[in-house]
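Here are my notes on this model, written for someone new to reading structures. Keep the 3D view open and look up each residue as you go.

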Amino acid sequence: MKISEQWLREWVDPDLTTDELAQQITMAGLEVDAIEPVAGAFSGVVVAEIISAEQHPDADKLRVCQVNMGQETAQIVCGAPNARPGLKAPLATVGGVLPGDFIIKEAKLRGVESRGMLCSEQELGLSDAADGLMQLAPDAPVGADLREYLQLDDRVIEIGLTPNRADCLGMAGIAREVALLNGLTVTAPAFAPVPERIADTFPVELQAPDHCPRYVGRVIRGLDLSRPSPLWMQEKLRRCGLRSIDAVVDVTNYILLELGQPMHAFDLDKLQGGIIVRTAGAGESLDLLDGQGVEFEPATLVIADQSGPVAMAGIMGGQPTAVGAGTTNIFLEAAFFAPERLAGKARGYGLHTDSSHRFERGVDFELQRRAMERATQLLLEIVGGEAGPVTEVLSEADLPERPNVTLRAARIEKMLGFDLDPAEVERILTGLGLGVTSTADGWDCSVPSWRFDITLEADLLEELARVYGYNRLPVTHIRADLVIPARQEAKLSSRTLRRHLAARGYREAITYSFVDPKLQQLIDPELEAVALTNPISADMAVMRTSLLPGLLDAVLRNTNRQQPRVRLFETGLRFVPGPEGLQQIPTLAMVTTGRRLAESWSAGGESADFFDLKGDLESLLALTREPDAFAFDPGKRPALHPGQTAIITRKGQAAGYLGSLHPSVASQLGLNAPLFVCEIDLATVLERRLPDFSELSRFPEVRRDLAVVVDKSVPSAELMENVRSAAGAYLTDLRLFDVYEGKGIDPKRKSLALGLTFRDQKRTLSDEDVNLAVNQVIDSLEKNYKAELRN
């Protein structure tokens, strides 16, 4: 939120510099993001009036203007399209300096002398408007210094408010904070209820009181919208980031900035029957003030009349009933909309307005009548007219409940670390607007209607700490018994897994648990993901049942930015619905695409494949100290290639899967290179076997190599398990060191080369011992797999 420092000091004027004020409110929780001057650095600019404007003799787009500077008349050559007699505009005089150290000098433009420069807002650093001269008020004093006339020695303070501090989305709230921090009193503008001059009212009906518990309206007739908003109002709006439109809109925007209450004005003559606050019906639509047409969802709250919706409640008004230049009668609206009902509605339509920003966070539900009186007063002063009685429709039962909150004195010392004087406690809480009643052990506090974020004792402690000053809280050393927790040897830490994968060239990714429903359906179509009630955006609308959607999006982002080799992993939760409710399963996922090795003079350019990822995963599984407990069996998974997918099991229990992304899925995602993925339950990987000691043999080992030819359909893992069973107790190691298919082999068969290592703990094995074991292996393979020894 942007505020004018001068405007703030009209309410409360602490004896602080701008920087000291910004530091103070930042430490109180209202973080100042930026401080900027309201205008560029310029001098020698005065208010001038154009007396005459004649066409330049040698230039179609230039005019020769005679300009009254106050004490003299100067000739100015100007190219602005709105230069005309009677216009008052800023004039940079000869010797004046504009932003950027641009010095004004006498010059000749196309042969005509020019003694100065008529300026636009952009040239003065006031705004980006550069479509013509800056138009000053008709009563602007000619010859006056522009900086003094517009009071431009001001700063704009931009505050980054957290969502819980909606009470500071208006000058009144910020002034209340500054006054409390400095022990001052707020000087709010004084105004009294506007007397009724006419008896006209407009009927209001609340059909959705749970959405809108309070609605205040008023008829005002006889407005003259040809009269502009006063300069002081236009300047305050501009400095807070809003442009002046017309008097009615300016007043409603002014009330929004001053009090924090959004308001809206309807052209009374365009309304039919009466105001109805209800939810939208099927197929209803409205053209909004920004020109966008919307078709309402059934749960959307609308302001309607007898003809249909005329505004999207709390968000934006409609074009058909908008106030225009010909409007003379208006119906002025101020309402309270329940924050929980309005939250996310604007984003659902791709909108975000100043009104929705405030209503979603919570507007003071007792402010509407006061805002109505203030707006009426300003309107009548600016554009005249006669006001009717205030119409208020209220549903007390649907207003927010404000239960009292108890603060115990003992909790202050326990939670804040020091004992705060009771008088100071009461000063702070009272200054925040709370009703404070002393009790035996503390205080009973009633919460004001503008503070939706105070519901617990902890909230009051937070308020005491921030107002007292976080930087003033005493520093105490923590004293505790430092007990080193026991580390379970049978459990791996996830940190160990992450460091291992990082050492193998993988980068850790952290993605959102909310994913795109379309991508989720593409990867895991068999599960119905949990939909979010209030999603951040349409492409983050469901909870992930797999970590792959987020990783695939990260891969796509990297490959689109010319990264030739992407290797990512993530540990996180999957949210899987089931008969026992939603399961949150810790999971590890890995993806790889592109080159096998990083580009180097010593490395080839081969692409990574299925077995590269499988090898990386197997190295990880080896940390469990029983890699043989894991098996990779052929299987099928949605979104994966049916011929390149393996189901991972540990001791027969399914643990995850590994495979290649299906080409059709890769094509839909826009991935050009093959992509390999795996996903495995973390609990399975983190469980490891306890180490046990076995004596090293003092006797030599004997190795025999066998090359056997078997059918291609025989899994190597199954064959190796058969070898272990047949070889006997002397076998200490078994390795598959070659797989061959091709010339010299039956096309339907393959050759597997196995290395068998034998050793005994008590003696040196003889050739007979080893030959017997090898023969047993050969006989078993011939019997079970019709294997043949390869010559």
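1. Leaving aside neighbours within four places in sequence, Pro213 is in contact with Leu206, Phe336, Ala338, Val393, Leu394, Ser395, Asp398 and Leu399 (contact means heavy atoms within 4.5 Å). Pro213 sits in the loop between strand S12 (204-206) and strand S13 (214-221); helices (H or I, at least four residues) and strands (E, at least two) are DSSP runs, numbered from the N terminus. With a relative accessibility of 0%, Pro213 counts as buried. The cut-offs are under 20% relative accessible area for buried, over 50% for exposed, and partly exposed in between (1.4 Å probe, protein chains only). Now pick Val709 as well: its C-alpha atom is 83 Å from that of Pro213, and the two residues are 496 apart along the chain.

2. A word on how to read all this. Residues are numbered from 1 along each chain as its sequence is written, and side-chain values use heavy atoms, with hydrogens and water left out. Since you are looking at a predicted model, local features need pLDDT of at least 70 and side-chain atom pairs count only at pLDDT 80 or more, while totals for chains, interfaces and linings use all residues.

3. Next, a pair of helices. Two packed helices are described by the angle between their axes and the distance between the axes. For helix H11 (residues 409-416) and helix H13 (residues 457-468), the angle is about 65 degrees and the axes are 11 Å apart. (Axes are lines fitted to C-alpha atoms, for helices over the stretch in contact, and angles run from 0 to 180 degrees between N-to-C directions.) Arg411, Ile412, Met415 and Leu416 come from H11, and they meet Glu457, Leu461, Leu464 and Ala465 of H13. Sorted by class, the H11 contact with H13 has six nonpolar, no polar and two charged residues. Here Ala, Val, Leu, Ile, Met, Phe, Trp, Tyr, Cys and Pro count as nonpolar, Asp, Glu, Lys and Arg as charged, and the others, Gly among them, as polar.

4. Which residues have the most contacts inside the largest nonpolar core? They are Leu8, Ile330, Leu332, Leu407, Ile412 and Leu464, and the core has 76 residues. A nonpolar core is a set of buried Ala, Val, Leu, Ile, Met, Phe, Trp, Tyr and Cys residues joined through side-chain atoms within 4.5 Å. Click on Leu407: not counting residues up to four places away in sequence, the residues it touches include Ile412, Trp443, Leu461 and Leu464.

5. Is Asp167 buried or exposed? Asp167 counts as buried because its relative accessibility is 9%. You'll find Asp167 in the loop between strand S11 (155-160) and helix H4 (171-182). Its side chain is joined to that of Arg165 by a polar contact of 2.8 Å. A polar contact is a pair of N or O atoms within 3.5 Å; within protein, one must be able to donate a hydrogen and the other to accept it, and residues adjacent in sequence count only if both atoms are side-chain atoms.

6. Ser697 is another buried one, at 14% relative accessibility, in the loop between helix H19 (682-686) and strand S35 (702-711). Look at what its side chain reaches: the backbone oxygen of Asp760 at 2.8 Å. A polar atom of the Ser697 side chain also lies 3.1 Å from the backbone nitrogen of Phe699.

7. Strand S35 itself holds Asp711, which is partly exposed at 34% relative accessibility. Asp711 touches Lys748, Arg749 and Lys750, not counting residues up to four places away in sequence. With Arg749, the side chains make a polar contact of 3.0 Å.

8. Last, check some backbone angles. Most residues other than glycine have a negative phi. Arg110 has a positive phi, near 55 degrees, and is in the loop between strand S8 (107-109) and strand S9 (112-114). At 56% relative accessibility, Arg110 is exposed. Arg625 also has a positive phi, about 70 degrees, but is partly exposed, with a relative accessible area of 29%.
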